[in-house]
Amino acid sequence: MSEKKTPSQITAKLREECRRLLETGTVHTVIGFARGSLPDRTVPVFITNPKDVEHLTWNPFCAANLSKYLLDHRRPGGKAAIIVKGCDSRGIVRLLQDNQILRDQVHILGIPCRGQYDHRKIPGLVAGETGPPDPESAALVHPELLFEKCAYCENPTPVIYDLLLDDAVEPIAGSNGRFAEITALEEKTALEKSAYWDDHFNRCLRCYACRNACPACTCRECVFDQFDPDWVSKRNNLSENTAFHLIRAFHVAGRCVDCGECDRVCPVQIPLRLLNRKIIKDLDELFEAPTPGTDINVKPALGDFNSRDPDKFH
Amino acid sequence: MGNNGPLLPHPAMITKIVDETGDVRTFQVVFDDPARMENFSNKPGQVAQLSVFGLGEATISITSSPTRRGLLEFSVKKVGRLTTALHQLEEGCRIGIRGPYGNHFPYDQMVGRDILFIGGGIGLAPLRSLIDFILAEENRQRYGTVDIIYGARSADDLCFKNDIMERWPTAPRTVVHTTVDRGDRSWNGHVGFVPSYLEEINPEPENRIAITCGPPIMIKFVLQVLEKMGYTDQQIITTLELKMKCGIGKCGRCNIGSSFVCLDGPVFTLAQLKQMPPEF
Amino acid sequence: MPAILKKDKLQALLSGLSRAYKLVLPVRENGMTYFKPYQTGLAIDRDYINTAMSPKEFLFPQTEKMLSFKYREGAEILITGAEPQPEKLAVFGARSCDLAGIAALDPVFGGRFPDPQYSTRRDRVLLVGLGCRRASSTCFCRAFNIDPLSCNGADIAVVELEDCFSVEARTDKGHAQLANFSQLLGEDNSGTVETSLSGAREAIDTSFDGIPDPAGIKDFLDRQFELPYWENIASRCLGCGICTYICPTCHCFDIFDVTRGKPDGNRYRCWDSCMFPDFTGMAGGHNPRPTPKERVRNRFMHKLKYHLDRYEIGGCVGCGRCVEKCPVNLDIRQVINDINKLQGGEN
């Protein structure tokens, strides 16, 4: 097995491949990451000119799931290239299964991922202290900075791709099992759970970043934007905030691919992915359903019927 | 009452409803409080916020001239939730009103000039407040001739039929030119779009002010025709319609560049509009 | 002339303030700092640079009841405006950028139609500013000539120095309040404050990471509206409300009624965001800002030009919250730099 590539080697390969894709007209746009305005950020970029591929980068601060941007770059008869990690690639499966894009409209460049750093864990990043990731290093220098979700990563290697830019990465066997975080929550008493979520939902700003970032949330008219009926108003209170989050979790149930974007984008750090992951656990127990998006041939559990589905009526 | 000041509506009763067209109704309303009715001093071109309690508010221009005391008239086209709810109300029902908001037609600066009104569809409603203001006995002498060019999609869609057919044509030095986009058996008058009718009639720009309101596409072509006919940007006035909520320049919704339609408008000259970003 | 408060007397000052006011102070919770109501023993976050939410929420709450309506006999409606809250609020720990934010909001809620709910809170609030010791990687108040040590706009200004706090009343209200704490405060007989302040100033000035220069921005934007640049940066915007809700100068709101199916109900005023697609959408379908490009352009032009045009006060105070929280790193400092480059290209 060859040496794992360093982030800067992957970046070089990425640029080369994207330049080729654009120059040959194979794709009209490349959706990828570029360096952000701070050392611990990257930004989504949409490159149409082969010369601009120099802006593309790959490093452990590429946490965003770019798959939803495919919806802005659909062209009949055309192809957009997109750079995805494992969790992101499940988002592409989501869009494909929801008929939001066609397989031949997207050219998937997969990058097996060993984890992404959560910039919020780096207090007041000052150059020289916990500095920007060393692009030459292949190893994860700061495992303590990883997102919580990375410890439970089921698909470090993208599940769908046209090209992999590095060798496949095997999932790290979680010491406590896939749903350890959820079991811990389940073991709380009803009052403890209520207090736990009340504390979080009280902070919710109702900014809708979670919904907007979610690749499963693609309704043309979102239920929360409807006037008639007015399911939630713009009032911010515990009741409405709770209603919003629980309803949204159920609306994406069976389709949420657990990419963790909702969690990452939340400005007040509500651990939203726990809601979705709980539902994924339930679906696993009820329907033996894998995490949605893992396999494009497995339909969403709640959108499919199987005669062996649990049936408590008889 | 509590502390809401400018955002507090006041109860008013619908005293009369007139069906102008299939989807436009004119509501005559009177404030419950006679002193408020007496002191409500709107100027032609201003708007008010109408409340249907339980649903919210909508910004509707005041179509009655302030020379008509004791009532306010609003013409409402049924296009959305609130206007649909308004249309379901009956005489005797109560709504809330707060206002008047916005600037007004510069009627003082129009003294001594000939006035050309160009309206389309429901766009005649805000113009009507100024037409009736000018035609009012106490004001008529101060203004020159009044020409009203008005059109709608069809004869059925003409608003204020009584005004355009009876009242205004018989007013002193006033001519009404009505047209419809699409004629039918009930219609004996001119058939054609408002901008082309305007070009046909060809009112000269000398000492004249042109005021227009109607669907955006109509306004666009009307402005082209007016400019072609030699009207300067200062001679052309329009009134804009944008989504408004507070009406008092605080909620941030109705801005066009640095201007708020609710404070700096809705009446703008073309000269002013050209200084503003094309975002309306 | 600033007085001295020994560091171990801070809690006593807070406790004293909490007796005269409903006091909120910066407290660490869930990894971030928020203004929380004072309780005995509640400790201030000594390390925070700024709170997650600006103090605008205390003058202009996210959710505010405006009035209630009740249907009565004979189709009459009784409309009752909401009563102002009786309590007086004190905000301890307002940074200079946030105080500048309040100064930017004052003319919005004043003007020709003064807003009684805002002005009641504004008149009653006691603003205790806290000078900053260092900048975060996202701070850039300096770009708008805001001095992080100045606490301009506060009733009482507090600056943490090496060995003590300097405490200075800036308004009559501030003087009146400080008079209650004369036993806690000492006079600065040896010019400690003066000396320490210059040290504090040097510390903070060197801690800024790179300050954009907005000097020529308004002039350029006065002339240029249709820039392809806006399309570029808008393409990544999620259209959420994060930047607007955490911004100290944003003031957009919606007005709507809530009845829960009955004829009687309440009317509310709640924060809204110009970044939401439907913000300017009209019944009938027309929307003057139909795509992210128009909305992103409108937001930045509002912060860098429109607010300045209307009120002669800048719309951005450089607090850096939007930079910190934007999920796609849409950085207003970058926008200023990019526009400066475009302007350079223009010349």
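## Domains of chain B

The centres of domain 1 and domain 2 of chain B, taken over C-alpha atoms, are separated by 24 Å. Domain 1 covers 5-101 and domain 2 covers 114-239 of chain B, the bounds coming from an automatic or database domain assignment. The contact between them takes 15 residues from domain 1 of chain B and 15 residues from domain 2 of chain B, where two residues are in contact if their C-beta atoms, placed from the backbone, lie within 7 Å. On the side of domain 1 of chain B that touches domain 2 of chain B, 4 residues are nonpolar, 9 polar and 2 charged; Ala, Val, Leu, Ile, Met, Phe, Trp, Tyr, Cys and Pro count as nonpolar, Asp, Glu, Lys and Arg as charged, and the others, Gly among them, as polar.

## Basis of the model

This is a predicted model, in which local features need pLDDT of at least 70 and side-chain atom pairs count only at pLDDT 80 or more, whereas totals for chains, interfaces and linings use all residues. Residues are numbered from 1 along each chain as its sequence is written, and chains are lettered from A and ligands numbered from 1 in the order in which they are written.

## A sheet in chain B

Within chain B, β7 (residues 114-120) and β8 (residues 146-152) run parallel and are joined by 6 bridges. B:Gly119 stands opposite B:Tyr150 in β8(B).

## Interfaces of chain C

Contact between chains B and C takes 38 residues from chain B and 45 residues from chain C. On the side of chain B that touches chain C, β4 (56-61) and β6 (94-101) of chain B are the elements that give two or more residues.

Chain C also meets chain A, with 31 residues of chain C in contact with 28 residues of chain A.

## C:Met53

C:Met53 lies in the loop between β3 (32-37) and β4 (63-71) of chain C. Beyond its neighbours within four places in sequence, C:Met53 is in contact with C:Tyr34 and C:Ile246.

Technical notes: Helices (H or I, at least four residues) and strands (E, at least two) are DSSP runs, numbered from the N terminus. Two strands pair if DSSP finds at least two bridges between them.
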